[in-house]
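Hi,

Here is the structure I said I'd pass along.

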Amino acid sequence: MNLIKYWNPKFAIQNIKKSKSILALFLGLFPILNFLILLLMFRDQSSVLQLDSLSLLQFIGMYLIPMIIGISLFSYLFKRKSVDFIGSMPLSRKTIYVTNVITGLGLLAIFVLVNTGILFFASKISGYTLPLAMIGDYFLIWLVTYFFIFAVSMIAISVSGNIMTVIAVSMLLFLLIPFLHDYTKSDGIKQKYFT
């Protein structure tokens, strides 16, 4: 199935314009804060930075940014008048959904690319030497992470009726697998069931 034929660029542009203030706030604020944090980290030339220490703000943003993008692109679902208006457009539901998902993935890819560029730029300004392989790893790891969390947010938006339920279902989906992994690997379950 060719999903690109269901992508409607006019609808995508109008949807981005509709939620431009919240997208500009979060997609603009995080790179600026990331730049300042990286400059502070690069001041200490004697320390060796790992990928996780370069990604301090990304650990917070990976839960917020995809959910905010998803909620802002699918915000029409939470208002009855907006649902009626969008439903009356000459676009199928599949086209609306695929357009919003591809637009969200594109915004996330641009966001991660900007943060990777900021990482490279901040290292050059401060004179700190970062290997290009580390910058490439940074880009790939965070791109896949943001895409995964956006997919989970899309599932939560699809089954929810309001924003608070979206947040609750998203958190349940995010934290279910780590909880089950920790629970099954802990000594408590081994002693309870396997002794």
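**Aromatic pairs and a helix crossing**

Y97 comes out as partly exposed, since its relative accessibility is 37%. Keep in mind that this is a predicted model.

The ring partner of Y97 is F74; the two make a tilted aromatic pair, with 5.7 Å centre to centre and 50° between the planes. F74 sits in the loop between helix 4 and helix 5 (80-87) while Y97 is in helix 6, so this pair ties together parts 23 residues apart in sequence.

Y63 belongs to helix 4 (residues 56-73) and F174 to helix 8 (residues 163-185), so the link spans 111 residues in sequence. Y63 counts as partly exposed at 30% relative accessibility, whereas F174, at 9%, counts as buried. There's also a cluster, with F59, F111, W142 and Y146 linked by ring pairs.

Now for the helices. Helix 1 (residues 9-18) and helix 6 (residues 93-126) have axes that come within 9 Å and cross at roughly 60°, so the two helices are oblique to each other. Their crossing is right-handed. On the helix 1 side the contact uses F11, A12, N15 and I16, and on the helix 6 side I96, T99, N100, T103 and L107. By class that gives five nonpolar and four polar residues, with no charged ones.

Cheers

Definitions and conventions
Residues numbered from 1 in each chain as written. Predicted model: local features only at pLDDT ≥ 70, side-chain atom pairs only at ≥ 80, totals over all residues. Heavy atoms only, no water. Axes fitted to C-alpha atoms, helices over the stretch in contact; angles between N-to-C directions. Helix = DSSP H or I, 4+ residues; strand = E, 2+ residues; numbered from the N terminus. Parallel < 35°, antiparallel > 145°, perpendicular 65-115°, else oblique. Left-handed = near helix turned anticlockwise from the far one by under 90°. Contact = heavy atoms within 4.5 Å. Nonpolar A, V, L, I, M, F, W, Y, C, P; charged D, E, K, R; others polar. Buried < 20%, exposed > 50% of the residue type's maximum accessible area, 1.4 Å probe, protein only. Phe/Tyr/Trp six-rings, centres within 6.5 Å; stacked < 30°, edge-to-face > 60°.
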